[in-house]
Amino acid sequence: MPGARASVPSAVGLAVLLALVPFLAPGNITLLNLGFLTFLFVAQGLAWNILGGFAGYVSFGYAAFYGLGAYTTALLWLAGWPPLLTYPAAGLLAAAFSLIVGVPTLRLTGPYFSIATIGVGEAMRILMLNLDRITGGASGLNLPTAVPSKAWFYLVALLVASGAFAVAAVVRGSRFGLGLAALRMDLEAAEGLGVRTALFKNLAHTLSAFIVGACGGLYATYLQFVHPDTVFSFTQSISLVLITLIGGLGTLWGPVLGAAVFYAVQDYLQTSYPTFHLLVYGVLLILILLFEPRGLAGLAGRLRRRPAAGAGRGQAGAVERTG
Amino acid sequence: MTPALVLTKVTKRFGGLQAVQDVTAEIASGQITGLIGPNGAGKTTIFRMISGVMRPTDGRIVFGDREITGWSPHAVCRLGLCLTHQIVRPFQDLTVLDNVLVAASFGSGGRLRQSARAEAEAALEFTGLIARRDVPASVLTLAERKRLEIARALATRPSVLLLDEVLAGLNPAESQRAVELVRQVKARGVTIFMIEHVMRAVMALSDRVLVINHGRLIADGPPAHVANLPQVIEAYLGQRLEG
């Protein structure tokens, strides 16, 4: 896939450049915080896109994985585990839960699936609010305060985001990715040509849940506090949908661009106008769906192709593939 | 020779409607078997049950030496039985080659990327679509889409191919080419079971014809014989007026 192949060097270059930031500006906490949270959204957007973009199953329930990951890390950390070891455990628990949820719900398609995932997400939030013995309920859980530096968090989040990008790139270019693209366009035809659609959908779901769960764990150690209403919030779920739609559904770079814009807008507007960012997302979403359904990535591709319309044909074909 | 496909008392009910009733038939290996009948007779339902899209209410379907009743479509496909759809369903945003690559990658017997690609290209070559390999499937004409259905089905390496009205909607010239293509597929040793409304084509192509009406098998035999049976004429034209 020419598109994916050309993406890898640029992604590696970008990651190396971003990795230099903590060394060049070690004292700039604002920048490191902004970077950390953006990378966390990049990783989750990329993960969400594997199921939502590549396979076409739009889930509004990913907060369940994020929250489970956050609480797994929180509880293991309180039990004395070193934070770094809790992240894979957080991912694994989220992945296991995604199977329990995915096996029944992924039999639904289109809006029916999306609605079911809203139910799962909200049910988890309410359940966790009421399991106060374990989760601290409405008062949340305070976590240890002995944490690594902001630079450490920045770099770990960058590593997770790079890992998520690599996973998405490999999936997109693989036989598995081809199967996902086929089942997105026509489930019955894909099944009839030998694609194990139920298995593939669940694999995509579980893979992305693992990444999102690990992100939740990372977030818990960063904040040193977890609360069901934040980590299991519907806002958390919808953020991933917005990031991917703004950036470009089903594209490799979409979630990266989307998360950068999303978090910058939120960070900039939330302090001065607390709810104004929602309006901005709303308008952005309408404009994107009307004029460029491939989001910012599609727009960038269009601008890049214009100067060399003829030379861009191969690229266009590659975009078609997982579009 | 053992038959490629054996249906035993296959039945499908939708609530109170008997769509297919007690259909028992053997599809001979290496031949072209036609399946005809008036609209709504249950032909497509039979195909959907064989390919695993629908589960029969009753009865057994045996493919080769394996009973496949109730198997899921991907498993049936991997075993070597593939269905082409009456209403073509290409993966619109994929290129023609990628469409066939899906079939070549996931069809019967898993394949590595390189050989899947060669297989896909061979299927496009065979169906005369190779020049269109890099265009998105959405721009193909109907005749080309029908060819793409066949190319995709062939790329799964089937031993039995179910063709659901591959000639419907084609003009006479396209139809002629499609008939030729079906002959060539047979020549490769693939068993063909086909639903067709274009009588001239069925009669010319088929080694044997099954006729169903109201979900029941009403005739089974060589085309020339079947065409003259009174119950077949009645099914198509209604009862003869007396006087």
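User: Which strand does β4(B) pair with in the antiparallel sense over two bridges?

Analyst: Two strands pair if DSSP finds at least two bridges between them. Helices (H or I, at least four residues) and strands (E, at least two) are DSSP runs, numbered from the N terminus. Here β4(B) pairs with strand β5 (residues 66-67) of chain B, antiparallel, over two bridges. This is a predicted model: local features need pLDDT of at least 70, side-chain atom pairs count only at pLDDT 80 or more, and totals for chains, interfaces and linings use all residues. Residues are numbered from 1 along each chain as its sequence is written, while chains are lettered from A and ligands numbered from 1 in the order in which they are written.

User: Which residue is the bridge partner of V62(B) in β5(B), and what lies between the two strands?

Analyst: The partner of V62(B) is E67(B). β4(B) and β5(B) form a hairpin with two residues between them, and G64(B) in the turn has a positive phi of about 65 degrees.

User: Over how many bridges do β1 and β4 of chain B pair?

Analyst: Strand β1 (residues 5-14) and strand β4 (residues 58-63) of chain B are antiparallel partners over five bridges. Along this pairing, T8(B) stands opposite R60(B).

User: How many residues of each chain take part in the contact?

Analyst: Two residues are in contact if their C-beta atoms, placed from the backbone, lie within 7 Å. Chain A gives 21 residues and chain B gives 25 residues. On the side of chain A that touches chain B, α8(A) gives the most, with six residues.
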